[in-house]
Amino acid sequence: MPDALIVGATGLIGRAVIERFGSTPVTVLARREVEGLAAQHKQLVAPPERWTGIIAAEKPAVLISCLGTTIRQAGSQAAFRAVDHDLVLAAARGARAGGTPHMILVSSVGAAAKSGNFYLRTKGEAEDDLRALGFDRLDLIRPGLLRGDRPGPQRLGEGIATIAAPLTDALLHGSFRRYRSISGVMVAAAIVALAAKGGSGVHIHENDAIRALAD
């Protein structure tokens, strides 16, 4: 397993990724201390404006970005973009400066730079800008609704959607299968599997592909 550095380690998927790595040491970079991190992992705590330089100095073999927020949590569209686009790109630029060949990004189903939806447009622009950085291999994970225990209070809309997910998923067939819900643990398993892969190119992984990687 190559040396991995994770940003966005305090969220649903980030925490699941660290757990999935098990006894394999990883480096975690966060703006605050990650509680309960096992002793074999390396923890770096720094303000986001320092992340580019820190990642460049660490020279990880693979950068895993699980960064993500919501407009409601962030407080504004500008604050949302500062995390889901700007901070993702800052971390990626640090990785490229340090010679990192491989990056894995947790994005969103429907991400598209030309989308009329601000959330999906921001995700799509982040994907496009990462492509332009020229990683040898770039894996874009595009899950639908994420199921699992999130830190902090559950958002009402997500709670309702999660309850309805079994019925909603059953109605999604064909090209709409990619919008089915998926567990954060399964996404994490796919990410760890991808971290061990070689090869090159840009690879997009949606619901069925994520599930196949996690098996």
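This is a predicted model: local features need pLDDT of at least 70, side-chain atom pairs count only at pLDDT 80 or more; totals for chains, interfaces and linings use all residues.
Colleague: In what order do the seven strands of the open sheet stand?

Modeller: The sheet is open, and its pairing is parallel. From one strand to the next the twist averages 15 degrees. The order is 3-2-1-4-5-6-9.

Colleague: What angle does the direction of helix 1 make with that of strand 1?

Modeller: Helix 1 packs on the sheet and touches strand 1 (4-7), strand 2, strand 4 (62-65) and strand 5 (102-106). Between the directions of helix 1 and strand 1 the angle is about 155 degrees.

Colleague: How many residues apart are Phe-80 and Phe-118?

Modeller: A search of the whole structure finds two aromatic pairs. Phe-80 and Phe-118 form a tilted one, at 5.9 Å centre to centre with 55 degrees between the planes. The pair links distant parts of the chain, since Phe-80 is in helix 4 (77-97) and Phe-118 in helix 5 (118-133). Their separation is 38 residues.

Colleague: Which element gives the largest share of the lining of the second largest pocket?

Modeller: This pocket has a volume of about 210 Å³. Two or more lining residues come from each of helix 1 (12-21) and helix 7 (184-195). The largest share, five residues, comes from helix 1.

Colleague: How many residues of that lining are charged?

Modeller: Among the lining residues are Arg-15, Glu-19, Arg-20, Arg-147 and Asp-149. Four others are nonpolar and three are polar. The number of charged residues is five.

Definitions and conventions
Residues are numbered from 1 along each chain as its sequence is written. Side-chain values use heavy atoms; hydrogens and water are left out. On a 1 Å grid over the protein atoms alone, a cavity is a set of points where a 1.4 Å probe fits but cannot get out, and a pocket is an open set with protein on both sides within 12 Å along at least five of seven lines; lining residues have an atom within 4 Å of a point. Grid points are joined across faces, edges and corners, and a volume is the space filled by probe spheres set on the points. Helices (H or I, at least four residues) and strands (E, at least two) are DSSP runs, numbered from the N terminus. Ala, Val, Leu, Ile, Met, Phe, Trp, Tyr, Cys and Pro count as nonpolar, Asp, Glu, Lys and Arg as charged, and the others, Gly among them, as polar. Two strands pair if DSSP finds at least two bridges between them. Axes are lines fitted to C-alpha atoms, for helices over the stretch in contact, and angles run from 0 to 180 degrees between N-to-C directions. Contact means heavy atoms within 4.5 Å. Rings of Phe, Tyr and Trp (its six-membered ring) pair if their centres lie within 6.5 Å; planes under 30 degrees apart count as stacked, over 60 as edge-to-face and the rest as tilted.
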